[in-house]
There are 2 protein chains.
Amino acid sequence: MNFLALSILNFGVPLSMVCAAIGLAFAFFLIAAVTRAPSGNERMREISAAVQEGARAYLNRQVKTITVIAVVIFILLFIFKDHSTAIGFVIGAFCSLAAGFIGMRVAVLANVRTAQAASVAQLNALRIAFNGGSVTGLLVVGLALLSVSIFYMIAAKLIGSDAAIRSLVGLALGGSLISVFARLGGGIYTKAADVGADLVGKIESGLEEDDPRNPAVIADNVGDNVGDCAGMAADVFETYAVSLVGAILAGLLTLGGNPAAIVYPFVLGGISVLGSICGIAFVNVARGKPAAVLMGAVMINALISAILFWPATRNLFPDGATIAGVLRSPAQLYFASLVGLVMTPVIVALTNYYTSSHFRPVKKIAHASETGHATNIIAGLAAGQHATALPVLFIGLAILVTFHFAGLYGIAVAVMAMLSMAGVIISLDSFGPITDNAGGIAVMAHLPKEIRAVTDELDAVGNTMIAVTKGYAIASAGLAALVLFGSYVEELRAHLTSSLKLATDQFFQFSLQDPKVIVGLFIGGLLPFVFTAFSMDAVGKAAGAVVREVRRQLQTKPGILTGQDRPEYGTCVDIVTKAALREMIVPALLPLFAVVVVAMIKPLGPVVLGGLLVGTIVTGLFLAIAMTSGGAAWDNAKKFIEEGNLGGKGSFAHAAAVTGDTVGDPYKDTAGPAINPMIKVVNILAILIIPIFF
Amino acid sequence: MNFLALSILNFGVPLSMVCAAIGLAFAFFLIAAVTRAPSGNERMREISAAVQEGARAYLNRQVKTITVIAVVIFILLFIFKDHSTAIGFVIGAFCSLAAGFIGMRVAVLANVRTAQAASVAQLNALRIAFNGGSVTGLLVVGLALLSVSIFYMIAAKLIGSDAAIRSLVGLALGGSLISVFARLGGGIYTKAADVGADLVGKIESGLEEDDPRNPAVIADNVGDNVGDCAGMAADVFETYAVSLVGAILAGLLTLGGNPAAIVYPFVLGGISVLGSICGIAFVNVARGKPAAVLMGAVMINALISAILFWPATRNLFPDGATIAGVLRSPAQLYFASLVGLVMTPVIVALTNYYTSSHFRPVKKIAHASETGHATNIIAGLAAGQHATALPVLFIGLAILVTFHFAGLYGIAVAVMAMLSMAGVIISLDSFGPITDNAGGIAVMAHLPKEIRAVTDELDAVGNTMIAVTKGYAIASAGLAALVLFGSYVEELRAHLTSSLKLATDQFFQFSLQDPKVIVGLFIGGLLPFVFTAFSMDAVGKAAGAVVREVRRQLQTKPGILTGQDRPEYGTCVDIVTKAALREMIVPALLPLFAVVVVAMIKPLGPVVLGGLLVGTIVTGLFLAIAMTSGGAAWDNAKKFIEEGNLGGKGSFAHAAAVTGDTVGDPYKDTAGPAINPMIKVVNILAILIIPIFF
């Protein structure tokens with residue numbers, strides 16, 4: 001073991017903190033760049049302010065609602081678990097909330113400036129929108145890396161490394177739980193407002209998107225910020241933090257006290273921040289088609305990571321590592337990380353095939369629209385289900401390969417490598433909502449039509465990016481959840497062995513021949529179905545309320561449609577805010593409830609719970625992919641028709657395509673993405689409650 | 001062991017054959033009763049003949065298509081397996097086809113007579129429709145019981161009992177495979193014609209259901225017969241035969257050569273034929289509300305079975321039975337059978353809650369229709385997913401309880417007990433399509449409107465019955481598939497032990513910690529998603545072809561709508577026939593293909609295959625329940641509005657509800673029910689190929 005190896009082992013965590021700090025510094029540099037850009041005319045700033053006010057009001061109320069639940073869980077953890085886990089929970093919850101605020105704040109800053117920049121040149125608009133997204137990406141990744149590493153370092157000093165890692169599970173729970181709420185609340189908000197605005201505004205009254213005469217238009221724009229930006233940022237914080245914690249935990253549990261196992265995930269994360277910065281910088285200097293430039297950024301990030309991962313791996317594990325009793329070479333660990341890096345472009349390409357209007361699936365939906373609403377819906381539902389095939393098979397392949405290289409830890413390393421690109425990936429993801437909002441501001445501020453055309457073109461690119469990054473998020477969530485399940489099994493074994501409740505290993509087989517495992521798979525498989533059903537119900541209910549309110553306004557003030565009366569935007573904002581906060585509670589708490597009930601009922605116990613965890617992952621993965629891809633395909637089928645194909649706007653096919661897009665909205669922006677944090681919160685909670693119930 | 005016990009043991013199988021023969025005799029008695037009823041006027045007979053001709057032509061072509069595939073599989077089995085399995089396959093396939101023909105033939109007989117009877121009194125119509133269904137029920141159950149018992153008795157004489165039971169798996173495969181084709185082909189046919197007829201006829205041209213001016217109207221009615229009647233009959237044959245074979249196989253593999261284990265499932269089946277006859281007789285003498293009379297028949301069947309099961313169990317297992325090393329009392333086996341009997345009414349009640357317009361879920365969809373197509377669809381999708389919760393939890397409970405009583409054999413006994421009621425249950429299920437067709441004939445033959453009102457009322461009852469019996473079919477399919485999976489594991493162990501490929505038991509844990517199991521769960525979980533996606537695509541494609549053809553006819557002959565030109569019914573029938581047969585191939589072969597590929601690829605092998613089997617059961621169960629219940633809920637929400645609620649027919653809400661109903665059609669009548677045979681065919685094939693690949 002040479003000097004370099006020793007120093008990486010000892011200073012790996014601080015080094016990753018330095019990388020995170022560099023990322024944050026770069027983010028602040030970008031914020032300055034975005035803020036420096038002109039923020040448009042009076043009317044644009046006014047609209048932007050109204051949207052910001054609505055978004056901030058919503059987030060504040062959301063914080064209050066969530067805080068009540070978080071305090072209850074904190075107290076429970078404080079009493080039934082240990083203090084450090086409870087404190088970790090608070091930190092995770094706080095950072096997840098902070099990520100949401102950051103996402104919203106930056107988006108609002110960038111929206112109006114993108115609209116203004118679009119009046120100059122497309123490239124300017126692209127850069128501002130992308131940099132806005134990059135700020136969120138870097139801040140969120142930096143926040144996740146810093147919060148986990150600082151907490152770990154302090155806790156390790158106070159209570160030792162092992163206990164510190166177990167307390168990190170509390171941090172993961174805090175992050176995940178808040179993220180479930182943020183994704184659900186924001187998702188319900190944005191889609192209820194969107195669907196409501198579309199149903200009456202577009203379909204019944206023939207208004208264009210973002211027409212200021214539509215009373216729900218401000219609510220719709222607020223929704224984009226609290227759902228797509230704030231919700232997404234909280235989600236990514238969660239994904240990153242939980243995967244990091246999962247990898248550390250898997251390292252602790254399967255590498256038998258090898259300290260490098262703990263440091264390695266941090267180092268991978270730190271390296272990739274540097275890669276992300278290079279990718280983001282590339283977008284700011286490159287010229288070319290927006291989609292190509294953005295994909296270039298991803299490739300640069302992957303390449304830099306792939307190059308730097310090797311020396312890091314070789315120096316941390318100079319003699320390899322013994323994982324589950326087998327000695328693995330540094331090359332094997334490195335290959336596992338490479339699988340993670342390769343997964344990103346592969347999943348991106350696969351999702352792109354299913355959701356881009358250049359390929360058969362979306363065209364099929366568009367053609368099905370020609371025969372009506374129902375055939376459009378049938379085609380879209382089928383397309384979403386088809387879209388599960390290749391990604392799931394590929395995820396399965398990745399599991400086999402990484403497990404072959406380095407067991408459970410190999411899967412964990414691959415997830416961490418995959419997520420290490422989150423900085424750039426979020427930049428792509430945030431890009432869409434920002435340009436979408438910019439377009440909205442342009443229309444509402446009566447800017448020339450050409451500007452809307454510029455933002456629309458960027459929005460179309462952003463749309464594909466969002467779909468694609470959702471596939472990435474779900475694939476990583478599935479793998480991360482599997483790592484957590486593996487940790488559940490190991491932790492359960494460790495607990496029962498140390499508490500002398502267990503004599504034989506037989507108990508821990510979680511065999512499919514055991515009816516308890518099958519019942520667990522059934523209960524777990526049920527959770528995503530019921531969870532998403534509640535989420536869609538919530539959107540339907542809240543959207544119905546918006547529709548009724550808009551209809552009421554249009555009836556009582558017919559002058560709104562002629563432009564003589566001013567719509568009451570505020571009542572719509574208010575209605576959606578209340579509905580979203582009310583409706584998110586049941587689905588968000590349902591998974592927690594299920595885990596605790598199964599754990600509490602003695603004849604069920606740890607084996608059924610194990611089955612439950614895997615069952616949730618299996619059906620959750622399928623539903624999440626089917627919903628997000630199906631929704632995106634519907635959306636792009638509509639856009640394909642709006643581009644003038646199959647009769648174009650206003651045709652019979654277009655009306656059917658709008659219906660499909662509206663159904664796809666809660667699919668892809670509420671229910672589907674909320675499955676990600678849900679399958680993880682279930683697995684994390686199970687790990688946490690082992691010593692309480694078993 | 002007394003004399004009675006000995007004689008049941010020795011004569012149990014022949015006795016059950018006698019019961020089956022009594023059932024067949026009763027069926028012929030009912031056929032005579034139905035045939036005696038007047039068959040209406042000239043025009044009605046003419047229409048009936050046209051429908052019958054179309055249905056027969058379709059089934060004949062279907063037989064040809066399937067025969068090619070069946071011959072290939074027969075040859076493969078003959079070469080790679082043994083001759084008796086190959087012969088069993090042919091018998092199973094032939095009986096399944098025969099069941100389909102019987103179902104179609106009887107339905108066509110009963111349709112026109114029900115229409116005629118409706119002009120006399122509702123009760124007469126109810127009895128003819130129900131007796132038509134009963135004939136199918138008794139014939140199919142009798143056919144299944146007889147084919148399995150005769151094959152078993154002859155094969156046992158020739159090659160010994162154990163080998164005979166293993167050859168029965170071939171019979172099960174034949175039945176299942178044909179059933180997948182029949183369900184899919186018939187399902188695609190009926191829904192493509194229905195959706196096509198509705199989209200242009202109802203929505204674009206404003207024609208009523210079954211208006212003779214609609215060029216697709218005959219195809220639509222043919223579809224009801226080949227899908228709902230022939231497809232369903234083949235499906236039930238399969239369900240019954242496979243569950244019987246599964247129970248026998250589980251008995252052989254887990255009861256260590258106790259001959260009573262083999263005889264017991266036959267005896268349960270035989271007893272229930274008697275119970276079914278009593279239930280059917282009850283409907284023919286009882287008076288009262290249709291729904292109450294039908295439920296009374298189910299209760300009588302259950303009660304008679306519950307009473308007679310006990311002496312049969314006690315006499316077959318006077319000293320109990322040793323199952324998987326534990327001695328179980330006769331009472332424990334009896335309790336397992338009781339669980340099966342109780343499951344039927346429970347699942348029926350649960351499904352009824354989710355799909356009947358008297359309860360909240362359907363009303364919610366109806367109310368969501370008021371805000372448009374999209375909110376109707378969202379509400380329906382959510383309702384279908386919600387509908388999985390209670391049935392799945394209850395199935396899980398039944399698994400735990402029956403396993404507790406008698407291990408895997410306990411689950412098998414429960415399934416057999418549950419299916420023993422199939423005779424009466426099918427009577428309920430066939431009831432709906434027969435009254436639906438009767439209504440169609442009444443409208444097409446220009447009978448007075450009152451007659452349509454009578455058949456419509458019966459159709460509404462039939463509609464709920466169909467939904468409810470689908471829940472029953474899926475629950476039993478899930479349990480039967482689990483029994484088959486258990487048999488796969490036991491058979492694999494037996495094979496590898498006897499071929500000395502296996503030293504330790506460790507290999508067979510199918511542990512969730514094994515990544516191969518997880519990957520198997522993923523691949524298996526994928527199958528129902530892709531299978532149903534293909535099925536829906538097929539309906540969409542075929543329906544699109546119908547729409548284009550109907551539009552063409554209406555454009556080239558405008559006189560059709562005014563009644564001056566005669567529509568070309570034949571071209572529509574032809575188009576759907578070809579489309580259905582073409583589109584059923586890929587989805588039907590997909591599961592077979594997946595099983596063989598996973599078995600062939602060495603790094604995957606038996607463990608991944610085991611995971612695949614369970615994965616298919618898990619997601620298959622959820623999708624099947626969600627699709628059939630969701631579809632039925634959409635249907636009844638539309639009917640609820642058509643009854644005059646929320647604006648009634650022609651309102652904005654009604655248009656949205658029609659869209660939902662149309663989306664629900666392939667859900668509940670094509671994709672959803674086809675999952676049942678699919679999850680079984682996968683499990684049966686896996687058992688069959690063990691000695692070939694492992």
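# Reading a two-chain model

User: Is Gln553(B) buried or exposed?

Analyst: Burial is read from relative accessible area (buried is under 20%, exposed over 50%, partly exposed in between, with a 1.4 Å probe and protein chains only). Gln553(B) has 1% relative accessibility, so this residue counts as buried. The model is predicted: local features need pLDDT of at least 70, side-chain atom pairs count only at pLDDT 80 or more, and totals for chains, interfaces and linings use all residues. Residues are numbered from 1 along each chain as its sequence is written, chains are lettered from A and ligands numbered from 1 in the order in which they are written, and side-chain values use heavy atoms, without hydrogens or water.

User: Where does Gln553(B) lie?

Analyst: Look for the secondary-structure element. Helices here are DSSP runs (H or I, at least four residues; strands are E, at least two), numbered from the N terminus. Gln553(B) is part of helix α15 of chain B.

User: Which residues is Gln553(B) in contact with?

Analyst: Contact means heavy atoms within 4.5 Å. Setting aside neighbours within four places in sequence, Gln553(B) touches Pro215(B), Ile560(B), Pro567(B), Glu568(B), Thr571(B) and Cys572(B).

User: What area is buried between chain B and chain A?

Analyst: The size of an interface is often given as the accessible area lost when the parts come together. The loss is summed over both parts, with a 1.4 Å probe. Here the area is about 6200 Å², and carbon and sulfur atoms give 78% of that. In residues, 73 of chain B are in contact with 72 of chain A.

User: How many salt bridges does the rule find across the interface of chain B and chain A?

Analyst: The rule wants a side-chain nitrogen of Lys or Arg within 4 Å of a carboxyl oxygen of Asp or Glu. It finds two across this interface. One of them joins Asp537(A) and Lys364(B), at 3.3 Å from N to O.

User: Which element gives the most to the side of chain B that touches chain A?

Analyst: Seven names to find on the model: α5 (161–204), α11 (373–386), α12 (389–419), α14 (449–498), α15 (515–556), α18 (605–642) and α19 (652–693) of chain B each give two or more residues to that side. α15(B) gives the most, with 21 residues. By type, the side of chain B that touches chain A has 46 nonpolar, 19 polar and eight charged residues. (Nonpolar means Ala, Val, Leu, Ile, Met, Phe, Trp, Tyr, Cys and Pro; charged means Asp, Glu, Lys and Arg; the others, Gly among them, are polar.)

User: What about chain A? Where is Ala475(A)?

Analyst: Ala475(A) sits in helix α14 (residues 449–498) of chain A. Ala475(A) is buried, at 1% relative accessibility. Beyond neighbours within four places in sequence, its contacts are Met343(A), Ile347(A), Ile395(A) and Met418(A).

User: Is Ala121(B) buried or partly exposed?

Analyst: Ala121(B) counts as partly exposed, at 28% relative accessibility. Ala121(B) is in the loop between α3 (83–118) and α4 (122–159) of chain B.

Terms used:
Buried area = accessible area lost by both parts, 1.4 Å probe.
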